[in-house]
Structures are given as C-alpha cells and as structure tokens.
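Let's take a walk through this one together. Have the sequence and the 3D view open side by side.

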2 protein chains.
Amino acid sequence: MSDSNRPHHHGNLRAALIAAGMDLVQEGGPEALSIRQVAARAGVSHAAPAHHFPNLTALRTAIATEAHRIFTATMEQAIAEAPGTPKEAIIAIGIGYLRFARAHPGLFHIMFGGAELDQDDAEFLHSSALSYGVLARVCAPVAHGPAGPRGTETLVWSIAHGFASLTLFHRTQSMDASEAETLFRTIAPDLPIASEQD
Amino acid sequence: MSDSNRPHHHGNLRAALIAAGMDLVQEGGPEALSIRQVAARAGVSHAAPAHHFPNLTALRTAIATEAHRIFTATMEQAIAEAPGTPKEAIIAIGIGYLRFARAHPGLFHIMFGGAELDQDDAEFLHSSALSYGVLARVCAPVAHGPAGPRGTETLVWSIAHGFASLTLFHRTQSMDASEAETLFRTIAPDLPIASEQD
DNA sequence: TAGCGTAAGTTGACACTGTCAAGTTACGCA
DNA sequence: TGCGTAACTTGACAGTGTCAACTTACGCTA
C-alpha cells in the first residue's frame, strides 16, 4: 500500500500501537494481541512496531501500563463517589476494582492473567505502583487491624481482586454489573476492618 | 487400561497429550502450550492431536479439566489436615487454594487467567463443579451469614482466590510459601463467618 | 480366517505469527 | 546544503494452528 501523499513518519506511532493493541485485547481477549494486527490497525508495515517495542512482551507490558492508569482512575472515581468514611472508601476500592474488571476484562487478564510481562519495566512499575498506592492510602486509616497495615492491605486487595475475578469467570452465569455490585456491597461491610472509633 | 480395549496405535495418546501439555504449561506458562510441542513430546506427528482435540482450545480445556482434579484434591487434603471445626475447614480451603496456586502457577493461570476455554465442555463442567462443590460443602455449616449461602461462598472464594493470585503476581517479592500461609492464617480467622454456636 | 470399514496417525500444505537483516525514506542538526 | 540517524519498509525464516488427503492397523463380521 503506497500512498505517495502519506508521510513516511507516523505522528506518534508508539501511542497509536498501544491504542490499537488495547482495542484488540478488549475485542478478542489477551490472545488476540498480535504485533502484525496492531501494525495493520495503525496503518504501518508489520515490522514497524519493532522500533518501539523490542518484542511482543514489551508491547503487552506497555498495554498493561496504560491499563493500570485506567484502573487507578476507575478506583479513584469510585472513591470520590463514596461517602468519606474510611470504610466506605475501602468498599469503593472493591467497587472500582469490579467496574474495571467488568468494563475491561481483556485488560484485566493482561494485567493479572499470567501472560508474560516485563516486570522490571520502569513505566510499568511506576503505573502499577500508583494503583497499589490508592489501595495503601485508603487502607491507612484503618490499618491498625490484627495483622498490621500489610495485613489490612492484603485482605482488602484479596477480596476485591478475588470477587472481581469470580464475576469474570462466571459472567455468563447471569450476574450483571449491578447485581455484582449489590452482592459485593452485601458481603463487604462486615469485613474485620477496624473502623475509626475502634 | 486393559489389553482388550487398548487404542490402536499409541497406548493412550489422549492422556499422553494432556500430560505433556501440563508439563509444558508448568515449565513455560500458559503461552508455552502448543499442539505441535505436545505432539512432539508424545512422540507423534504434528497433526495427530487433531484426532483427539479439534483445536487448541479443546486441548487447553482438557488440561484445565485435569488441573481442576488436582485443585480439588489439594483442597481436600488441606481440609483433612485441619481440625474439624467448620471455620478451620474454611481456612483450610484457602490454604489448599494457596498451595495449588504456588505449586502449579501455570495451571492456575490456564484455569483462571482468561485464556479461552470450552466453557460448555461436559468434562470441564463436571470437574470444575467438583471444585466448587468442596467450597459449598465446607461453607454449608456456616452459611447462615448476612448474605446467605451464596454470600458466604462468594466471600470465602473471593478471599482464597484473591490471596492466591496476589502471592503469584508478587512471588518474586520475597514471600515464600510458608510466609504466605502464615500471612493468610493471620488474616483469615477474623472473617465475618458465623461460627457454629451463633 | 479373510477382508472390510473405520479410527488413528502421517504427510503436506496454507495462512498466520514473531523476529531478524537489509534497504529506503525523511527528519534534525551542524 | 549535506550528512547522520531514527523511522519505516521489504523480505526472509522458523514456528504455529488447522485443513485435506493419504496410509496404517485394529476390530468386527461374514
């Protein structure tokens, strides 16, 4: 395909490749991500991505990095919508977690499904650290529980992640988004988390 | 296998392919599973698996089916080791979950990581139903919690699954198996699960 | 017991994938 | 203006899943 008017240099190919890859993942799951498909969607040759990502793992990691930004924003929004008590904020983390997983199941699986990622990539580390930072910040006011701050964070993270995963596996089984949130709100309030007056 | 109904050429190619596939997954993760590699390990031609599995998804599903059997057995063993109280049995589910995830991370990700599976396959449905059956059986004695049996099961499943996943993502971060179990045992006992005298 | 039908396995092909090597274009800068 | 180099293209190679056509050998029946 030779369009003589088309500039040889793409405006911002790296970003376009990531965006195309996120689309592919959301449309067809983690396995649908392919360098050649991503290149085709960005309108460049099959080898162009190599100049921005040394291999498929690097592209996948960049997508996971961007996904963590969406993930963080989704949790922050849920927290902002919730009443200001520490316990409500913790429940909101679970709600945000759930909403992200259901809105972006492909991205969720890229981030957490065991596909190879460059765990040492600086941008990825930064982006995922911001996600965990939301968790730590919200847990801090109630972190004097039985197992210390780490125990509280682990408990909250486990419930949120486990519940979100559960609804993904069984999302064919008739539980829609609002049902899932309702169930989570039923389960969550009795967690052994010290409230502020403890 | 008795001599009278032994298959034609290979002793039992289907089982050999599944076993080889499980090895591949455990050695190289979910992405290392390939029909041609599995065929090579079983000593047959690259197209032989097609007579037992119509496509890669079917092979992956068969591996997930077998993985669920190991998963169930691991939970049952942890329950058998625990004191007989209902709450101890529930904690044992989490311990079994954790041990399985850490012993077989590749299988764990095949089962729960978002890779395509034949969710309608009869054997898979049966095997995974047995896994969930362990959960339901152990939760039954304490299932009169705030959200009913389903709420209790969802809570226990979420914690167990989320915690196991967490230790997998961060397993490079210095938490070994016994540390993980210790942390889980610290977190779990205070869950809002009705004990028998409630 | 002979032979036939068919399941099991082989060979070959095709389109697709990731990745490397080498060539071409065009942008930034001296 | 011209040069160096980053960005992109073209082409190739090995590996993948899957399909079609072929061969083998087992079980069954006549």
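What follows goes from the pairing of the chains to the inside of chain A.

A word on the ground rules: this is a predicted model, so local features need pLDDT of at least 70 and side-chain atom pairs count only at pLDDT 80 or more, while totals for chains, interfaces and linings use all residues. Residues are numbered from 1 along each chain as its sequence is written, and chains are lettered from A and ligands numbered from 1 in the order in which they are written.

Start with how the two chains sit relative to each other.

Now look at where they touch. The contact takes 33 residues from chain A and 32 residues from chain B, with two residues counted as in contact if their C-beta atoms, placed from the backbone, lie within 7 Å. On the chain B side, the elements giving two or more residues are helix 5 (105-112), helix 7 (148-169) and helix 8 (177-187); helices here are DSSP runs (H or I, at least four residues), numbered from the N terminus. Helix 7 of chain B gives the most, with 13 residues. And since 100% of the interface residues of chain B are also interface residues in chain A, the copies meet through the same surface.

Next, go inside chain A. Helix 2 (residues 35-42) has Val38(A), Ala39(A) and Ala42(A) as its buried residues, buried meaning that 20 or more other C-beta atoms lie within 10 Å of a residue's own, with C-beta atoms placed from the backbone. These buried residues pack against helix 1 (13-28) and helix 3 (56-81) of chain A.

Finally, which residues does Ile93(A) touch, leaving aside its neighbours within four places in sequence? They are Met75(A), Ile79(A), Val134(A), Leu135(A), Val138(A), Val156(A) and Ala160(A).

Terms used:
A residue is buried if 20 or more other C-beta atoms lie within 10 Å of its own, exposed if 12 or fewer, and partly exposed in between; C-beta atoms are placed from the backbone.
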